[in-house]
Amino acid sequence: MELRLYDTLNREKRVFTPIDRGNVRMYVCGPTVYDFAHIGNARPVIVFDMLFRLLRHLYGESHVTYVRNITDVDDKINERAARDFPKLPLNEAIRKVTEQTEKQFHDDVDALGCLRPTVEPRATEHIVEMREIIERLVKGGFAYVAEDHVLFSPQAMNAANKILPRYGALANRSLDEMIAGARVDVAPYKRDPTDFVLWKPSKPDEPSWPSPAGIKVMGRPGWHMECSAMSWKHLGEEFDIHGGGIDLVFPHHENELAQSCCAFHRNRMANYWMHNGFLQVEGEKMSKSLGNFVTIRELLSDWPGEVLRLNMLKTHYRSPIDWTLKGVEESKKVLDSWYDIVGDDTQALGEPDEDVSAQLGDDLNTSGAITRLHAIASSRVGTSGQGQLDVKRNLKTSAMLLGLLGNTRKQYLASNPKAIVVNREAVDALIADRTAARARKDFRESDRIRDELAAMGIVIRDSKEGTTWEVAR
Ligand code: AMP
Ligand code: ZN
């Protein structure tokens, strides 16, 4: 199977060739831990988990290193800590907020069927590496000190030797355009409006560390610096894949790329830059003021995590998603029907379906792969014995490549928060009695049975093909 990935930097889909097949390396920007993650935040987590699984399938489980950081130093964290724990010293309050939020995040994404990354570094544990990169940038003439800040100069980068990439290449913008678009109130210590912060002084009480570049006061890193330091420490100066949401392309990834390439004198940081599209809810941008802000936690109290995962993967990762209740309901029906087929088998057996693999290999075409899974599930109709067994195995093994159908049917039903425990045999028997009553025109009895089923939370539908039923929601 061939893997082709779309690279935001070169704006093309290319065959994926790892730098080292023995250790395929991927870095994805992780959460800033101060509050429950929303369903938009779940998108990069699920998408890159899907890619992680595919890489493990292709190169072997122990030959892929997936790093997803935790940003635990940030103004939003400081504000939340001061608000929630006003009586504690700020640093202690910050630790409480970050530990608590990190745990919530793990619980949420575990429930979405995501594997833990190989390494989950915390920004505050990589200050030494950040200082080292900053020192290199200052020595190389790419950064300068002003009013106890260290600033990076994109102009200096673009004026330097030819090995380096052009600042603005990832976002596909020129420096002139950026200068024109810069805000009017540019900080007075910046030489140029496009200069960005690598290090800044801490206010009293804020987390602080000894500063680099001869600065006497204590300080803290800028956000972009964190990822350059953590990816360097865990994956080296150059690695295979760098991912995140599309909103991170500029300025975050553009700046990470600039810092790393200038510090290590390289023309690339990652070979493939991958970005997931944005998610909106019921046709609108998600925001607290619109009241359509949904956390993963809230959704998990209504739906099994696997239903949310399938709903996310139905759309190609680069397209925008409109997250709707209707979509989630449909995903639930699909998973219910697939679990009816695969039952309680615990293992994947054999190789996944070739078409499913080929779809995923084509820049993670999960929607194409899911269409194929539907076809596999439908091919069961009219088969028996060995044929049925083959369909069951093929469906399970192939869906597991997407991180789906990895549970037994029992586990899946148990994970359904609003599940009504249904005795399927009893329901089927009642429906058979009702069909018999209708056949002999005993409508009083058939209505009585329908009401009995309704009281059990079962809705029935009659059609020419017969009677079907489902659990009412
Ligand atoms: P943040 O906590 O805002 O830094 O976001 C963490 C990750 O979630 C980043 O990779 C973002 O790009 C991604 N993200 C945030 N909001 C959305 C959204 N509505 N749709 C898709 N991805 C998002
Ligand atoms: Zn990052």
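**Close-up 1. Strands β3 and β9 pair in parallel in this predicted model.** Three bridges link β3 to β9, which spans residues 239-245. Within this pairing, V28 sits opposite G243 of β9.

**Close-up 2. Strand β3 also pairs with β4.** Here the two strands run parallel, joined by five bridges. The β4 strand covers residues 64-68. Y27 faces V67 of β4. Between the two strands the chain passes through α1, and this β-α-β crossover from β3 to β4 is right-handed.

**Close-up 3. Strand β3 is buried on both faces.** V24, M26 and V28 lie on one side. R25 and Y27 lie on the other. Five of the five residues of β3 (residues 24-28) are buried, so the strand is largely enclosed by the rest of the structure.

**Close-up 4. Ligand 1 and its shell of residues.** The ligand is surrounded by H38, G40, N41, P44, G245, D247, L248, N276, G277, F278 and L279. Helix α1 (residues 39-59) gives the most to this shell, with three residues. By class, the shell holds four nonpolar, six polar and one charged residues.

Close-up 5. On its own, ligand 1 has 480 Å² of accessible area, and the protein covers 83% of that.

How values were computed:
Residues are numbered from 1 along each chain as its sequence is written. Chains are lettered from A and ligands numbered from 1 in the order in which they are written. This is a predicted model: local features need pLDDT of at least 70, side-chain atom pairs count only at pLDDT 80 or more; totals for chains, interfaces and linings use all residues. Side-chain values use heavy atoms; hydrogens and water are left out. A residue is near a molecule or strand if one of its heavy atoms lies within 4 Å of it. Accessible areas come from the Shrake-Rupley method with a 1.4 Å probe; for residues, only the protein chains shown count as cover. Helices (H or I, at least four residues) and strands (E, at least two) are DSSP runs, numbered from the N terminus. Ala, Val, Leu, Ile, Met, Phe, Trp, Tyr, Cys and Pro count as nonpolar, Asp, Glu, Lys and Arg as charged, and the others, Gly among them, as polar. Buried means under 20% relative accessible area, exposed over 50%, partly exposed in between (1.4 Å probe, protein chains only). Two strands pair if DSSP finds at least two bridges between them. A crossover is right-handed if, with the strands pointing away from the viewer, the path from the first strand over the helix to the second runs clockwise.
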